[in-house]
Amino acid sequence: MSELKSTKVNWFYACEASDVPENGGVCVKHGDDQIALFNFTRRGEWYATQNMCPHRQQMAISRGMIGSQEDEPKVACPFHKKTFSLKSGACMSGDDYQLKTYPVKIEDGKIFIDVK
Amino acid sequence: MKKIKIVVIGNGMVGYKFCEKLMSKAKADQFEVVVFGEEIRPAYDRVHLSAFFDGKTAEDLSMAGVDWYLNNGIKLHLGDPVQQIDRTKKTIHSYRGITESYDYIVLATGSAAFVPSIPGVEKDGVFVYRTIEDLEMIRAYAPKARKGAVIGGGLLGLEAAKAMLDLGITDTHVIEFAPRLMPRQIDEAGSKLLQGKLEALGLTILTNTNTLEIAGDKAITKMKFANDTSIDVDMLVISAGIKPRDEVAKLCGLEVGQRGGIVVNEQMQTNDPFVFAIGECALYKGMIYGLIAPGYEMAEVVAANLTGGKKEFLGFDMSTKLKLIGVDVASFGDPFVPANEARVIVYEDTNKGIYKRVNISKDGKELLGGILIGDAEQYNMLLQTCKNKIVLPANPEDLILGSRGGESDGGAGVTGLPDDAMICSCESISKGDICQAVMDGAETVDKIKSCTKAGTGCGGCVPMVKDLMVHTMKANGKLVRNVVCEHFAYSRQELYDLTKIGKLHSYDEVLTAHGKGDGCEVCKPVVASIIASLWNDMILKKGNDTAQDSNDRYLANIQKGGTYSVVPRIPGGEITPDKLIVLGQIAKQYNLYTKITGGQRIDLFGAHVGDLPAIWKLLVDAGFESGHAYGKALRTVKSCVGSTWCRFGLHDSVSFAIEIEERYRGLRSPHKLKSAVSGCIRECAEAQSKDFGIIATEKGWNLYVCGNGGSKPQHAHLIATDLDSATLIKYLDRFLMFYIKTADPLTRTATWLNKMEGGIDYLKNVVINDSLGIADELEKEMQLLVDAYKCEWKEVVDSPELQKRFSHFVNVPTEKDPTIKFESMRDQKKVVDWK
Ligand SMILES: Cc1cc2nc3c(=O)[nH]c(=O)nc-3n(C[C@H](O)[C@H](O)[C@H](O)COP(=O)(O)OP(=O)(O)OC[C@H]3O[C@@H](n4cnc5c(N)ncnc54)[C@H](O)[C@@H]3O)c2cc1C
Ligand code: SF4
Ligand code: SF4
Ligand code: FES
């Protein structure tokens, strides 16, 4: 059994930190997947979620506005303003939707996403 | 212990409500519940059925999903009507062959549309209006129909007529047997006024008309009437009343009324004490209660009595308020008390289309009932005054006219109600319940809804719930403010002033100085718009770019599928052939869908985000500018062709429209702004439906403000006449700047005016007579913005740094989103529809 598999992480280089606007998001291509990556400068945090909004299957989450609701960081889809927790991916506007979330790390100004 | 087994027959609104109420009782676990429903879906909100045509789905209308029944241990059989009840063996048999024993039966079979036996009712194109399936069939048939008709001028008939209009059948007749519309709810004068309003909307109303035959081959083509007339019709909805579904009850020997309905007593028991009937199938003291609130009350009575409580149904108030095709219609208490038994006060304004009537007891102390048409704002207050027998003020006409001292009585009414006054009759929630919930911390309407259920039925009580909330909070010394969101404890106007005084230029500065937390999708665009209104900086400046609404962030409107539209400004709708050719060439090169819009310009749809800068480079090179279709900003100034070509034209409306559009282009405001200029009173540019509109007169221009098209049309108000161009522009500067400074976020000028204390007279005073002494300041501020204007797209085209943001993938900037798919339609492309 290989070492790599047992650690169960797979860090994928996404882009430079400076490529992502402050308090905004970009979309990262990973194979056929699209990942929304957010630079939450105000909180000093990075988040990544699936880019597809589960409401009408639009590739749009990365273009959404980020913010917080009672300290839970969130993103609002630009299409119909459904909001999702950036931490858990759960829908915060009352629907039964769930976004996939990914761990993010930053090393020497480079952004990696765990795509295991 | 063996459980008590209840079989519920019928899974409509009331049948469901019974289950919900039973499950919420302490002894719920002593019961086993089996439900049979004839329809294929679990109970849904029939009251808001018409919302199905406004884009609500069957899922949106559902009262509770199948999971809910499962989680509560209720066995639900859908699409399986009960066909027989054997009362000696205490069993029931269903259509699909299920046999169940029972201890109790609850019949909640509702009613069906009553279809009179007119020859031809079975023809294609003839429908009823009761279930989601009915509406699906109507929607499928409508595109084939041009001429519609509705039999029945009652509440439901008029709702069906509205649906027809919404489906695009603008030539629709309403056929009523009685001499007037809604004979059961409103009086003759009210009917007449309502009829006038409906006719103005394009409906044709035939009263005193009896249908003899529905003619046609296979499908309906004609309706023939008793008075020897006929009309051509290719689609008909019958809404001539309801017929209680009592067939199963009748078959097993339960007592039913002569004209239908299962006879029940105060406990909702039929003549078999083990069988109850509730909702629209129940006949209590000779009456069917065709409304939802009494149905829910009946459900409560049975649930309470089965769980050891004592409750009786003692009749129910049939007051209603509804919006019919945009017209408020309400009646409460006894609307028809004859004049010799009561004092009747009537107020009528045929100009505005308002009719109000209140019936007052002879001693002047009590309100007995009344009717409101055209304006039903006072409905809730009047209903409560009537139901709670509150002693009337000395001048009871104030009830419908409002106190006319100029000051509003600010809802002092709600405080006068006793604690047990029923506020939400659908869910039986009293004033005391709501105030208690507010004291316990429910300080938004949504929270009150979720913890008390008030306002979740027909929704008519929501304004009153809000008033109560505000009053209770004020009474507790809490400040109730019209704040932007949880991050800013200020109104938009306060934030505007703070940002200006502090000379703040970025969202983060404003948040740090005056807010808390990290912001959200509500306050970010509000602040971004204030900053743009104040300083007219480039909106994509670093730090502000991500606070812009997504459309502003990409300087384009996001469309279905994730592509963007490109809308260059075409001032006044005037364009040269050369520019037209450029648009065509660009559309071809980038495979864009082209359409002429309502604002007299040309939209190009379907651009990939990565192509936007290149497309705009071509446009800017050809002399085009951003049209700001993506922003809350000035959109277009439409114009008619005016005196240069039109033989009626008084002045050159096109030149003036261009001048105005170029003056205010790029102006950021609380909501979008639309305008138009017409060259004479024939008004071909429709200026009176705009935020500001201008119409030429012999002597100059007339200025209209605060009109609206869109979802809530409203005519603009004339505020000044026969102006020369310079004065008109001065007034416009003041008007627009005053709006920008004082309106709430996302409030169009029409709504802003509707909420303004003092209304149009006040506004006129500020703009024309400078009653606040700020005219100079407003004009100066506007001039600054006009001078600071730059085309945003030109700046992007000139800046490689700004262009970087226009790509879909940050790590492969040249690749387009592969999930975007197009199909073709009428020789152009369109996006594949979403599910
Ligand atoms: C378009 C429209 C607008 C309305 N607007 C309003 C309004 O604004 N305000 C208001 O108060 N009311 C309004 N109403 C009336 C309100 O919807 C009814 O009062 C309410 O739905 C009655 O509920 P119910 O459960 O008694 O009957 P229903 O909702 O009709 O439910 C009865 C159910 O039982 C089923 N059933 C019948 N027989 C059997 C059987 N043998 N076995 C199994 N199932 C059976 C039926 O298929 C049906 O699904 C409106 C109605 C319509 C159609
Ligand atoms: S509004 Fe008057 S001037 Fe303008 S096109 Fe119509 S008729 Fe002609
Ligand atoms: S263009 Fe306007 S009216 Fe037409 S579908 Fe879109 S939002 Fe509705
Ligand atoms: S597609 Fe995201 S909210 Fe509708």
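Predicted model: local features only at pLDDT ≥ 70, side-chain atom pairs only at ≥ 80, totals over all residues.
**Entry 1: a strand residue of chain B**

I looked up B:Ile695 and found that this residue lies in strand E35 of chain B, which spans residues 692-696. Setting aside residues up to four places away in sequence, I listed what B:Ile695 touches: B:Ser678, B:Cys680, B:Ile681, B:Glu683, B:Ala687, B:Gln688, B:Gly700, B:Trp701, B:Asn702 and B:Tyr704. I also took one distance, C-alpha to C-alpha: B:Ile695 and B:Cys684 are 9.8 Å apart in space and eleven residues apart in sequence.

**Entry 2: the two chains**

I next recorded the make-up of each chain. Chain A holds one helix and twelve strands. Read from the N terminus, the order in chain A is α-β-β-β-β-β-β-β-β-β-β-β-β. Chain A has 116 residues, of which 53% count as buried. For chain B I noted 27 helices and 39 strands. Chain B has 835 residues, and 52% of them count as buried.

In chain A, 41% of the contacts between residues at least 6 apart join residues at least 24 apart. In chain B, residues 24 or more positions apart account for 62% of the contacts with a separation of 6 or more.

**Entry 3: the nonpolar cores**

Which residues touch the most other members of the largest nonpolar core? I found B:Phe18, B:Ile85, B:Leu107, B:Met268 and B:Ile278, in a core of 75 residues. Helix H8 of chain B (residues 292-306) gives the most to this core, namely nine residues. The core draws at least three residues from each of two domains of chain B, domain 1 (4-112 + 244-306) and domain 3 (412-480).

I followed B:Phe18 further. Leaving out neighbours within four places in sequence, I found B:Phe18 in contact with B:Ile6, B:Val8, B:Val106, B:Ile278, B:Ala299, B:Val302, B:Ala303 and B:Leu306. Another core, of 57 residues, lies apart from the one above; I noted B:Val526, B:Leu667, B:Val677 and B:Ala696 among its members.

**Entry 4: two helix pairs**

I turned to helix packing in chain B. Helix H15 (residues 492-501) and helix H17 (residues 523-535) pack at an angle of about 50 degrees, and their axes are 10 Å apart. H15(B) and H17(B) are therefore oblique to each other. Their crossing is right-handed. On the H15(B) side the contact is made by B:Arg492, B:Leu495, B:Tyr496, B:Thr499 and B:Lys500. The H17(B) residues in this contact include B:Val526, B:Ile530, B:Leu534 and B:Trp535.

The second pair is helix H22 (residues 725-742) and helix H24 (residues 759-767), with an angle of about 125 degrees and axes 9 Å apart. H22(B) and H24(B) are therefore also oblique to each other. The crossing of H22(B) and H24(B) is right-handed. B:Tyr731, B:Arg734, B:Phe735 and B:Phe738 of H22(B) meet B:Tyr762, B:Leu763, B:Val766 and B:Val767 of H24(B).

Is B:Phe488 buried or exposed? I found B:Phe488 buried, with a relative accessible area of 0%. B:Phe488 is in the loop between helix H14 (462-475) and H15 of chain B. Beyond its neighbours within four places in sequence, its contacts include B:Leu495, B:Tyr507, B:His514, B:Cys523 and B:Val527. B:Phe488 and B:Gly519 are 31 residues apart in sequence, and I recorded 8.5 Å between their C-alpha atoms.

I then examined A:Lys81, in the loop between strand E8 (72-76) and strand E9 (83-85) of chain A. Its phi is near 60 degrees, a positive value in a residue other than glycine. A:Lys81 counts as partly exposed, at 33% relative accessibility.

Last, I looked up B:Lys285, in the loop between strand E20 (282-284) and strand E21 (287-288) of chain B. Phi of B:Lys285 is near 50 degrees, again positive in a residue other than glycine. B:Lys285 is exposed, with a relative accessible area of 68%.

Key
Residues numbered from 1 in each chain as written. Chains lettered and ligands numbered in written order. Heavy atoms only, no water. Core = buried A, V, L, I, M, F, W, Y, C linked by side-chain atoms within 4.5 Å. Buried < 20%, exposed > 50% of the residue type's maximum accessible area, 1.4 Å probe, protein only. Helix = DSSP H or I, 4+ residues; strand = E, 2+ residues; numbered from the N terminus. Domains from an automatic or database assignment. Contact = heavy atoms within 4.5 Å. Axes fitted to C-alpha atoms, helices over the stretch in contact; angles between N-to-C directions. Parallel < 35°, antiparallel > 145°, perpendicular 65-115°, else oblique. Left-handed = near helix turned anticlockwise from the far one by under 90°.
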